[in-house]
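Hi,

Here is the structure I promised to send over. Have a look, and my notes follow below.

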Amino acid sequence: MKNKKVFIIVWLAVVVLLGVLSVVVGSPGRAETVQETMRDAVLHETGQISLFGLKDVNPGLISAFTVTGILLVLAALIRIFAIPRFKMVPGRFQMLVEQAVGLFDNLAKNNSPWRHKFLGVYLFAAGAYIFVGTVFELFGVQAVTTAGHSITLPAPLSDVNGAICIGCLSYLVILSGGIAGNGVGGIGKTLKEFSLPISMSFRLFGALLSGLLVTELVYYYIHLSFVLPVAVGVMFTLLHALIQTYVLTMLTALYYGEVSEPSHKEKKAKKAKSAA
Amino acid sequence: MNIPLNIDWQQILLHLFNFAILAGGLYLLLFKPVKAFMEKRESYYKNIDAEAQKKLQDAEGLKDSYARRMQEADEEIAARKAQAQQEMERAREASLQSARDEAAQILDKARTASAQEHDRMLRDTQKELVEIATAAAEKVLKGGQGDPYEQFLTAAKRGEPNA
């Protein structure tokens, strides 16, 4: 009991001492102002990273490759070690994997019962990418910019190019559903929603960028760097990950189902044919 | 042309390239095998369910057939019972009738026998009466001489030499 008290007192003393020192000592000076930091977080004009010496790219692209690598390695490990041991009555891990696959597959089935095989695969991949990509920023993986600064890799979709890629790709998937389901009529149906790629892209970009900016802001000031990052970093990031995954996959599934639904004229013609 | 927000088509294409690799890899490594396993399990339980349903239907059919058989057996038992009752009635009637007939026959025989006995006794009596009367008449006819044998016996008693 006495040892425990001594430990707590020493521990608290060390924590307080380190806290005071970190505030009092200060830093050698900032390389950029908060405005510059936040502007760079949005535009990546200076904080770029070299892609194998071929081209300077935004850190988001490096994050995207890293996330893809992590996901594929994880998937390969699951494929090699877990899936062959799957049982009829699932354990916890098997249940988790099945739930992840079933969630997106059912989302596709429920929203587009007439055509959902490809949609299920796309939603699963996009969902996994957005969720893991958003949570990825929590791990604080470091990279070196072309200017020699060390930066933390952001979420891939906080890069406007990544967000535009996923937004436009989702729109193309919806368009493909329209063509597969209704031919030329499907193209018309999809083109009616011409604002979708922009809204999807910038919704993702805005949501993830706002998280990034809040985190940048919090870490910029040392006084805000205690306790608060736990809530800001973890809670906001996790919420973002869940919400953005749900929103993009749900919207894609919804529009896909809408444009790929066989038109009533075709149904009537089929019925008349079968009646004849 | 400067695109706002530092949008770069090449980087968008690189993101697309990255996502294509990810989607294909996840499909081959995770989505397809997991879904195949889930479908296999679904079909396994569907088969079990179908078999159970079939067995249930068979059992229901058996139950119905047994119920029908039980009903038929009950009806047969009732019919046989009624038939046995009727046969028993008939047998009872028959045995009663035969008993009545036998009794009548016995009575007739008894009556006949009694009449015959009566006649025989009457004849015997008449015969005896005739014999008695005959004997009495002979006795009367012989008078005081009496029976020679009697006479001999009497003489012997008296010690007569000519006896």
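Which residue of chain B forms a salt bridge with A:Glu98? The partner is B:Arg41, with the closest N and O atoms 2.4 Å apart. There are 3 salt bridges between chain B and chain A (side-chain nitrogen of Lys or Arg within 4 Å of a carboxyl oxygen of Asp or Glu).

Some housekeeping: this is a predicted model, where local features need pLDDT of at least 70, side-chain atom pairs count only at pLDDT 80 or more, and totals for chains, interfaces and linings use all residues. Residues are numbered from 1 along each chain as its sequence is written, chains are lettered from A and ligands numbered from 1 in the order written, and side-chain values use heavy atoms, with hydrogens and water left out.

Back to the interface: 31 residues of chain B are in contact with 52 of chain A (heavy atoms within 4.5 Å). The buried area is about 3700 Å², and carbon and sulfur atoms give 76% of that (accessible area, 1.4 Å probe, that two parts lose on being put together, summed over both). B:His15, B:Phe19 and B:Phe31 supply 19% of what chain B buries against chain A, more than any other three residues.

Cheers
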